[in-house]
Amino acid sequence: MRDSAAPRTPKSEHTRALILETALGLFLENGYDGTTMRAIAQRAGVSVGNAYYYFESKEHLVQGFYDRLAEEHRAAAVEAMRGVSDLGERIRLVLTTWLDVAEPYHAFAAQFFKNAADPSSPLSPFSAESKQARESVIELHGLVLSGSNLRHDAEIARIMPELLWMHHLAIVLYWAHDHTPRTERTRRLAERTATTVARAVKIARFKVVRPLVREADSLIREFLITEPDQDSPRPAPRQLLPEPDQTPEPQETT
């Protein structure tokens with residue numbers, strides 16, 4: 001991907017940001033399908049070849065937007081969660097800060113998701129090109145769990161961030177189709193489900209339900225359609241029932 005190979009000098013970063021900002025403005029004006037790389041280059045005052053130097057295609061340009069959105073969301077979420085230890089509240093804050101950061105781009109979200117639904121598109125959240133943004137959000141959900149006051153063992157710490165990311169994806173999909181003012185309906189959904197998901201995580205700590213948690217994790221990892229890196233094969237799914245851990249069963253707290 002040429003974008004990753006572009007030199008990260010102040011001038012190149014400025015040019016790259018200019019092209020990206022120009023593209024987002026044209027998407028708002030003309031829609032995603034109505035915007036061409038030539039139009040983006042012309043509005044940004046750069047050559048078409050220069051635009052393609054930083055972004056291989058319009059799809060890769062949008063991927064750059066995804067990466068930037070992930071960075072902005074992480075900064076906003078970490079700041080919002082500062083001093084907050086309740087798991088449900090931390091989950092809610094991660095979801096609502098994403099809605100705040102993404103709100104300006106809701107007008108053409110449906111166009112993005114139409115392309116993201118194509119399994120061969122680099123805009124798919126499961127594509128190799130989306131790996132950086134995907135892993136950034138999964139890592140953020142790991143911070144949601146580790147920074148909470150919920151007692152949990154290493155297995156829960158390993159399994160839950162990806163499951164929380166999938167909950168996040170479901171909220172994003174709902175948001176893309178929400179036409180209420182300031183996507184108010186999605187915000188209410190995020191608040192309601194944050195509490196439910198937090199309760200599910202608390203229940204998952206107990207060994208009596210741990211086999212079900214492991215089975216869910218195994219199914220997701222085996223059947224989730226992600227594109228592996230070109231240089232490394234997709235890892236084999238883990239065994240359904242690994243060696244039982246020796247950590248004491250957590251005491252339920254209110």
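Predicted model: local features only at pLDDT ≥ 70, side-chain atom pairs only at ≥ 80, totals over all residues.
Local features need pLDDT of at least 70, side-chain atom pairs count only at pLDDT 80 or more, and totals for chains, interfaces and linings use all residues. Residues are numbered from 1 along each chain as its sequence is written, and side-chain values use heavy atoms, without hydrogens and water.

**Overall fold**
- The protein chain has 11 helices and zero strands (DSSP runs: H or I of at least four residues for helices, E of at least two for strands, numbered from the N terminus).
- Of its 254 residues, 44% count as buried (under 20% relative accessible area, 1.4 Å probe, protein chains only).

**Helix α2**
- Helix α2 covers residues 10-30.
- Its 21 residues should span 30 Å at 1.5 Å a residue, and the end C-alpha atoms agree, because they are 30 Å apart (the expected span is 1.5 Å times one less than the number of residues).
- Its buried residues include Arg16, Leu20 and Phe27.

**Aromatic pairs**
- The whole structure holds five aromatic pairs (Phe, Tyr or Trp six-membered ring centres within 6.5 Å; planes under 30 degrees apart are stacked, over 60 edge-to-face, the rest tilted).
- Phe27 and Tyr32 form a tilted pair, 5.3 Å centre to centre with 50° between the planes.
- Both Phe27 and Tyr32 are buried.
- Trp98 and Trp175 pair edge-to-face, at 4.9 Å and 85°.
- This pair links helix α6 (residues 87-102) to helix α9 (residues 154-176), with Trp98 and Trp175 77 residues apart.
- Trp98 and Trp175 are both buried.
- Ring pairs join Phe65, Tyr66 and Tyr105 into a cluster.

Conventions. Buried < 20%, exposed > 50% of the residue type's maximum accessible area, 1.4 Å probe, protein only.
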